Amino acid sequence: MSTVTRSSSFALALVASVLAATLAPTASHASGNLLVNGNAEDGPGLTTGEVVAVPGWTLVAGNFTAIVYGPEYGGPDVTSPGPVDRELNYFAGGNGVDFSAATQTVDLTAYQAYFASNPFTFTLSGWFGGYNSQNDYAAVTVSFRDASNNEIEFANLQGSDAQARNDVTGLLFASTGWTPANNVNINPAYAVVTLSMTRTDGSDNDGYADNLFFSVGAVPEPGSLALMLAGVGVIGLVRRRRAR
């Protein structure tokens, strides 16, 4: 084995170990979407004024429902502003009520060992909107709770009003969350996620939502990111040596 080859092998082994150490927390603790039926697709959406039960969500108030995109109900259709990857249904507040809401509880105990020694991080996002020039809106909240069900932190994400939508029926994207820079020192066992719709105009509750996403997990610290980029640079150097 030549000196260059031995050096290359050592460098690659070193880089592999650095990258493994750098990326392992992210790979192990980035949860992906923890919501059940965050896109309203589990179950049929209504096409008339009736209310349908929405799987994965527990009704709290009002006429929380799922509706089919299209002209049947008068809400957004497949060409309205909204998610590109929309499927058949979206969430809505239903008929004749000022407030509708549903909730689900997310178990976070699998992540507690990691967050015992790392800042708690999360991401919350979705598409939110309403009807025409009316200011009905949707919002999602997260109540972070300990093992005894005591609230230890709270997060809120509210959707767009009519002005933000330019008085057009549709949905706009919104997101919030915490990164390691927030240095939030909590370690929740559960998260209670509540999706609500509030009516301000008209006879129907036209707060809309779709493609909700909630995750917890690590992102690389600046120092770890620097190590990762340095590793990529070493790999490039080894490849150039091999080429020569």
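From the N terminus on, the elements run α-β-β-β-β-α-β-β-β-β-β-β-α. That comes to 3 helices and 10 strands, where helices (H or I, at least four residues) and strands (E, at least two) are DSSP runs numbered from the N terminus. This is a predicted model, in which local features need pLDDT of at least 70 and side-chain atom pairs count only at pLDDT 80 or more, while totals for chains, interfaces and linings use all residues. Residues are numbered from 1 along each chain as its sequence is written, and side-chain values use heavy atoms, with hydrogens and water left out.

Of the 244 residues in the chain, 43% are buried; buried means under 20% relative accessible area, exposed over 50%, and partly exposed in between, with a 1.4 Å probe and protein chains only. Contact means heavy atoms within 4.5 Å. Among contacts between residues at least 6 apart in sequence, 77% join residues at least 24 apart.

Five strands form an open sheet in the order S1-S4-S9-S6-S7, with antiparallel pairing. Two strands pair if DSSP finds at least two bridges between them. Strand S1 (58–61) and S7 are the edge strands, each pairing on one side only. S6 and S7 run antiparallel and are joined by 7 bridges; Ala 139 stands opposite Gln 158 in S7.

A nonpolar core is a set of buried Ala, Val, Leu, Ile, Met, Phe, Trp, Tyr and Cys residues joined through side-chain atoms within 4.5 Å. The largest one has 36 residues, and Phe 91, Phe 144, Leu 195 and Phe 214 have the most contacts inside it. Elements that each supply at least two residues of this core include strand S4 (99–107), helix H2 (112–115), strand S9 (190–198) and strand S10 (204–216). A second, separate core of 8 residues includes Leu 46, Tyr 69, Tyr 73 and Ala 92. In soluble globular proteins, nonpolar side chains tend to be buried together.

What does Leu 195 touch, not counting residues up to four places away in sequence? Among its partners are Trp 57, Phe 64, Phe 91, Phe 128, Ala 139 and Leu 212.

Asn 205 lies in strand S10 and is buried, with a relative accessible area of 1%. A polar atom of the Asn 205 side chain lies 3.0 Å from the backbone oxygen of Met 197. Leaving aside neighbours within four places in sequence, Asn 205 is also in contact with residues including Gly 93, Asp 98, Ser 100, Asp 136 and Arg 199.

Note on methods
Polar contact = N/O pair within 3.5 Å; in protein donor to acceptor, adjacent residues only side chain to side chain.
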